[in-house]
Amino acid sequence: MLDTHLHVVKYCFESNPLFEMQRASGFESFVNFELGQYTLSEMLSTYSDQILRKNGFKADQEEYEQHLDKIVKLFSHLSDKDIFISSFKIFLARRLLMEKSENIDYEKFMITKLKINCGRQVTDSIEGMINDLETGKGLANEYKQDRQAKEMTRRVDFDIKVLTTCHWPTYKSFELKVPIEINNCIDDFSAFYSKRPQNNHKKLDWNFSMGTALVGAKISETQKYDLLVSTYQMCILYLFNYDKQLTLAEIADHMGFDEETCKKNVQ
C-alpha cells in the first residue's frame, strides 16, 4: 500500500511537496491506529526479526535490501518509533549472541537506514553491539593463540563474547554454579583478560542467560546424541551425571534459580 501511494505521488504529481506532505500525514494517521493487544511498532519489529534471522527470507542481496528498505519506510511513519527501536534492539541481541543472524551485512544495512531516518543518537548503542562482536573476534583469536602457546588442551571448546554493558539489553542473571570444567575455563580467561594493559580498569561480569552449549549425551552404548541447549540447561543436565532423579525444587536449590526460571529451563 505504501509503495502504491509513493508511486502515485512521484509519477502522477511529480513528487509535489504538498501532495507528499498530505500523503505522509494520511498514511501516518492510518498506520498508527490502535490494533488491540500489540502496536504496529511491535509487530513491525517482530517481522524485522523474522526477516533478518537465518532462513527467514530467501532472496538475493538486491531483493533482500529492497525488502529491508521497505520496512524502514514503514518505520518512518510510526509515531512510537522508540517502541520499535527498543524491541528491535532486544531481537538483534538475540540474533547476534545466539548466532541466528542471516548475514551481518544485512544487519548493518538495516542499522544504517535507521540511523539516516532517526539520527545517530538513537542507533549508537545498536552500532555498539555490532562493534562489540567484531572486536570480540580479535580477542577470541588472541586467547586461542595464548592457549596454543602454553600448549593448553581442554575437554571442552570455550567461546567467549566480551560485551560493553551500556550497549546491550539488561538480562536477568544468577550466580550460576557451573560445572568445574567450565569454571576452569572462566578462571583461565579471566586471568588472560586481566593481564592485558588496556583492561587494567575493566571488570568482567559473567552473564550466562544468553549462552548456548553443545552437550554430548550418552543414553546407552547405542544411543548417543548431541544436544544444543542453553547454558542454564547445560548446567541442569550436568547434575544428572551424579543423580538419576531430581525434583524441581532440588534443581532450583542447586542452581540458585527462582521457580519461574527453573520451570522454563526444564520444559
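Begin by selecting Glu221 and Lys218, which form a salt bridge (a side-chain nitrogen of Lys or Arg within 4 Å of a carboxyl oxygen of Asp or Glu) with the closest N and O atoms 3.1 Å apart. Glu221 is exposed at a relative accessible area of 61%, and Lys218 is likewise classed as exposed, at 53%. Here buried means under 20% relative accessible area, exposed over 50%, and partly exposed in between, with a 1.4 Å probe and protein chains only.

The model is predicted: local features need pLDDT of at least 70, side-chain atom pairs count only at pLDDT 80 or more, and totals for chains, interfaces and linings use all residues. Residues are numbered from 1 along each chain as its sequence is written, and side-chain values use heavy atoms, leaving out hydrogens and water.

Next, select Glu127 and Lys115, a salt bridge whose closest N and O atoms are 2.9 Å apart. This pair links distant parts of the chain, with Glu127 in helix α7 and Lys115 in helix α6, twelve residues apart. Helices (H or I, at least four residues) and strands (E, at least two) are DSSP runs, numbered from the N terminus. Glu127 is partly exposed at 21%, as is Lys115 at 28%.

Then move to Lys161 and Glu99, where the closest N and O atoms of the salt bridge are 3.5 Å apart. Lys161 lies in the loop between α7 (120-149) and α8 (180-195), and Glu99 in the loop between α5 (81-97) and α6 (104-118), 62 residues apart. Lys161 is partly exposed, with a relative accessible area of 30%.

A search of the whole structure finds 14 salt bridges.
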